[in-house]
Amino acid sequence: MPNYSIGIIGGDGIGPEVVREGMRVLDAAEAIYGFKTHRTIYPFGADHFLKTGETMPQSAIAEIGKMHAAVLGAIGDPRVETGKLEFAIIAGLRFQLELYVNLRPIKLYDSRFCPLKEKGPEHIDYVVVRENTEDAYCASPFFFKKGTPDEVAQQSMIYTRKGTERVIRYAYELARKRGKKRKLTLCDKANAVRAQDLWTRTFAEVGKEYPDIAQDHGYVDAMTMWLIKNPEFYDVIVAPNLFGDIITDLSAMLQGGMGIAAGGNIHPGGPGVFEPIHGSAPKYAGQNKANPLATVLAISMLLDHVGQGEASKAVEEAVARCLRSGKVTSLQAGVHKTDELGKLVVDELKTIGR
Ligand code: IPM
Ligand code: MN
């Protein structure tokens with residue numbers, strides 16, 4: 001029986017409780033689909049930092065790098081300086097394990113959850129491939145004369161040929177593998193950020209190897225408009241890190257909001273860290289109010305990553321059925337209980353069976 005090593009970081013705020021429900025679904029999937037996971041639970045996050053001064057040790061990053069995958073709940077706590085834990089844990093994993101693809105599928109399961117009039121599941125089904133190791137995220141901020149009227153602040157947007165090419169190639173491959181509209185859209189702002197000319201050229205060059213995939217382009221500002229006006233136009237979108245961050249939050253709303261949006265930080269052929277894309281929502285922490293469905297969908301992505309395709313599809317289908325059947329009436333925090341939603345998914349999963 002296959003046995004996968006999985007790292008678990010519940011993290012801050014609602015992280016631990018949504019991950020707990022993700023594990024409930026993973027337990028059920030193991031029993032039905034005949035595989036096992038060996039889970040290593042890590043304490044990292046604000047409480048651990050405040051107690052020990054440790055954010056994310058190098059040894060843990062290296063350990064996770066040798067595992068099949070990891071699950072991350074959420075990181076961020078008002079008691080800790082902004083960005084400190086996010087940078088050490090989220091960026092630490094992404095950069096040091098070269099998880100260069102941030103994969104964010106955008107799929108609407110039922111029209112009731114879409115804020116757009118007249119849009120249904122047939123209109124919202126695309127994937128954003130966000131570059132995950134470069135851009136403004138990998139540059140150190142520079143301050144000069146901090147706190148004075150003459151202050152200077154700077155942070156560069158950095159792109160390498162290698163980093164750009166590998167993620168663009170992944171996106172072309174994905175457009176091919178999906179076999180849907182067979183279209184790849186490059187999202188950038190190369191008319192203002194001229195350094196992104198590297199993206200323009202790399203996109204065209206790599207595209208020559210994929211004559212079966214149509215090439216499309218949108219400037220990020222215009223795309224925030226088009227994604228709302230015509231989401232059905234899109235199939236696979238590839239974007240630099242910062243713009244990918246922005247358009248995936250916007251896109252998450254089209255599929256029903258942060259309660260349902262999942263993502264994977266992936267090194268193709270290597271490790272992957274799967275997470276709900278929402279934050280730690282401290283105001284809901286520990287109250288059994290947070291929606292765990294984003295984490296459950298992250299588990300579905302994890303299963304696909306480790307090669308449990310059937311279980312992955314079944315978990316996604318179980319979530320879809322809960323949403324379509326009307327058993328889940330809202331994706332907002334506080335409407336359904338966290339554990340109630342986890343149990344609903346498990347019940348559906350059991351009906352799907354093998
Ligand atoms: C995300 C988050 C992170 C990011 C933050 C917490 C640093 O917004 O995963 O999208 O900007 O990448
Ligand atoms: Mn984000």
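One cavity of 30 Å³ or more is counted in this predicted model. A cavity is a set of points on a 1 Å grid over the protein atoms alone where a 1.4 Å probe fits but cannot get out. Grid points are joined across faces, edges and corners, and a volume is the space filled by probe spheres set on the points. The volume of the largest cavity is about 30 Å³. Its lining consists of Leu72, Ile89, Ile90, Leu93, Arg94, Leu99, Asn265 and Val273; lining residues have an atom within 4 Å of a point. Helix α4 (residues 84-96) gives the largest share, four residues. Helices (H or I, at least four residues) and strands (E, at least two) are DSSP runs, numbered from the N terminus. Six lining residues of the largest cavity are nonpolar, one is polar and one is charged. Here Ala, Val, Leu, Ile, Met, Phe, Trp, Tyr, Cys and Pro count as nonpolar, Asp, Glu, Lys and Arg as charged, and the others, Gly among them, as polar.

The model was handled as follows. Residues are numbered from 1 along each chain as its sequence is written, and chains are lettered from A and ligands numbered from 1 in the order in which they are written. Local features need pLDDT of at least 70, side-chain atom pairs count only at pLDDT 80 or more, totals for chains, interfaces and linings use all residues, and side-chain values use heavy atoms, with hydrogens and water left out.

The largest pocket holds about 930 Å³ of space. A pocket is an open set with protein on both sides within 12 Å along at least five of seven lines. The lining of the largest pocket has 29 residues, and Leu103, Pro105, Leu174, Lys177 and Asp304 are the closest to its centre. At least two lining residues come from each of β4 (101-107), β5 (125-131), α5 (161-178), β11 (262-266), α9 (293-306) and α10 (309-324). The pocket lining has 14 nonpolar, nine charged and six polar residues.

Helix α4 also packs against helix α3 (residues 58-66), at an angle of about 50 degrees and with the axes 10 Å apart. Axes are lines fitted to C-alpha atoms, for helices over the stretch in contact, and angles run from 0 to 180 degrees between N-to-C directions. The two helices, α3 and α4, are therefore oblique to each other. Angles under 35 degrees count as roughly parallel, over 145 as roughly antiparallel, 65 to 115 as roughly perpendicular and the rest as oblique. The crossing of α3 with α4 is right-handed, that is, the near helix is turned clockwise from the far one by less than a right angle. Gln58, Ile61 and Ile64 of α3 contact Ala88, Gly92, Leu93 and Gln96 of α4, contact meaning heavy atoms within 4.5 Å. This contact has four nonpolar, three polar and no charged residues.

Helix α5 packs with helix α6 (residues 197-207) at about 45 degrees, the axes 9 Å apart. α5 and α6 are therefore oblique. Their crossing is right-handed. The contact of α5 with α6 comprises seven nonpolar, three polar and four charged residues.

Helix α1 (residues 15-33) and helix α11 (residues 338-352) cross at roughly 15 degrees, and their axes come within 9 Å. α1 and α11 are therefore roughly parallel. This crossing, too, is right-handed. The contact residues of α1 and α11 are nine nonpolar, two polar and seven charged.
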